[in-house]
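Please read it alongside the sequence and the coordinates.

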Amino acid sequence: MSFDIFNLDPLLLRAVKDAGYETPTPIQQRAIPLVMQGRDLLGAAQTGTGKTAAFALPLLHKLQEQQSAPRGPRAPRALVLVPTRELAAQVAEQFRALGAHLAQRGVLIFGGVSPKPQLDALRQGVDIVIATPGRLLDHLQARAVDLSGIKFLVLDEADRMLDMGFIRPIRRLIAALPKDRQSLLFSATFSTEIRELARGL
Ligand code: AMP
C-alpha cells in the first residue's frame with residue numbers, strides 16, 4: 001500500500017516522499033480516509049505508531065483545500081492540544097516537514113517561556129495552533145487568540161492531558177470553539193473520563 005490512495009494534495013505527497021515514508025502505518029491507513037471524509041475520530045494510538053502524520057496529513061490537506069494561499073492576518077482554523085512542550089515541539093516539527101510545500105502557517109504555544117513571540121505570531125495570523133492547554137487558555141482569557149474560526153480540533157495524548165490535570169482548561173477551551181467543527185481524539189488508554197470527554201465532543 002502507498003500514500004497515493006488517499007487523494008492527498010500532490011504537494012503533501014511530495015513532502016511524504018521527502019520524509020522517506022513509503023508505506024502508511026496501520027493508524028494512518030485507518031485514520032486518514034476517515035478524516036478526509038470529515039468524520040470525527042477516536043484513535044487508540046501510542047507515540048511511535050505514526051499517529052502525528054495520521055492527523056497532520058489530512059488536516060493540512062483540508063486547510064490547503066479551503067484556502068490554498070492564505071495571506072496576512074487571519075484567525076486559526078486548526079487547533080492541536082498536547083500535554084507537554086516536548087510533544088508540542090515534535091508535533092510542530094512534523095507539521096512543518098509535511099507542510100513544507102504549502103503556505104499554511106503555524107504557531108507553537110506553551111508555558112514557561114515569554115509569551116511575546118507567541119503573541120506576535122498570533123497577531124500576524126496563523127492557520128494552525130499547536131498548544132498546551134494552560135498557556136493557550138491564558139491567551140484566550142487575555143483575548144490574544146481568536147478561536148471562533150476553528151474548524152479542526154485534535155486532542156493528542158488525551159489520557160496524559162487528563163493525568164496532568166488539564167481537564168478544566170481543556171473544557172474551557174472547547175467551550176470557546178464553534179460547534180461546527182471536526183474533532184479528533186487520540187489516546188493510549190480509554191478510561192471512563194476519556195470516554196466522557198469524547199462524548200462531550
Ligand atoms: P509518531 O508516532 O507520530 O510520534 O511518529 C513516530 C515516527 O515515525 C516519527 O519520527 C515519524 O516521522 C515517523 N513516521 C510516521 N509515519 C511514517 C511512515 N508511514 N513511514 C515511516 N516513518 C513514519
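This is a predicted model: local features need pLDDT of at least 70, side-chain atom pairs count only at pLDDT 80 or more; totals for chains, interfaces and linings use all residues.

1. Packing of α2 with α3. Helix α2, residues 26-36, packs with helix α3, residues 51-66, at an angle of about 25°, and their axes lie 9 Å apart. Because angles under 35 degrees count as roughly parallel, α2 is described as roughly parallel to α3. The crossing in which α2 passes α3 is right-handed.

2. Residues of that contact. On the α2 side, the contact is made by I27, Q28, A31, I32, V35 and M36. The α3 side contributes K51, A53, A54, L57, P58, L59, H61 and K62. By class, the residues of this contact comprise 10 nonpolar, 2 polar and 2 charged.

3. The buried side of α2. Which residues of α2 are buried? They are I27, Q28, A31, I32 and V35. These residues cover an arc of only 105° around the axis, and they therefore lie on the same side of α2. P26 and R30, in contrast, are exposed on the other side of the helix.

4. Partners of the buried residues of α2. Besides α3, the elements against which the buried residues of α2 pack are β1 (41-44) and β6 (182-187).

5. After α2. The helix is followed by G38, a residue whose phi is positive, near 90°.

6. Burial in α6. Helix α6 spans residues 133-141, and its buried residues are P133, R135, L136, L137 and H139. What covers them includes three strands, β2 (78-81), β3 (106-109) and β4 (128-131). The cover also includes the helices α5 (116-124), α7 (158-163) and α8.

7. After α6. A positive phi is also found just after α6, where R143 takes a value of about 55°.

8. A175 in α8. Where does A175 sit? This residue belongs to helix α8, which runs over residues 167-175. A175 counts as exposed because its relative accessibility is 58%, and the cut-off for exposed is over 50%. A175 and E86 are 89 residues apart along the chain, and their C-alpha atoms are separated by 26 Å.

Key:
Residues are numbered from 1 along each chain as its sequence is written. Side-chain values use heavy atoms; hydrogens and water are left out. Axes are lines fitted to C-alpha atoms, for helices over the stretch in contact, and angles run from 0 to 180 degrees between N-to-C directions. Helices (H or I, at least four residues) and strands (E, at least two) are DSSP runs, numbered from the N terminus. Angles under 35 degrees count as roughly parallel, over 145 as roughly antiparallel, 65 to 115 as roughly perpendicular and the rest as oblique. A crossing is left-handed if the near helix is turned anticlockwise from the far one by less than a right angle, and right-handed if clockwise. Contact means heavy atoms within 4.5 Å. Ala, Val, Leu, Ile, Met, Phe, Trp, Tyr, Cys and Pro count as nonpolar, Asp, Glu, Lys and Arg as charged, and the others, Gly among them, as polar. Buried means under 20% relative accessible area, exposed over 50%, partly exposed in between (1.4 Å probe, protein chains only). The arc is that of the directions from the helix axis to the C-beta atoms.
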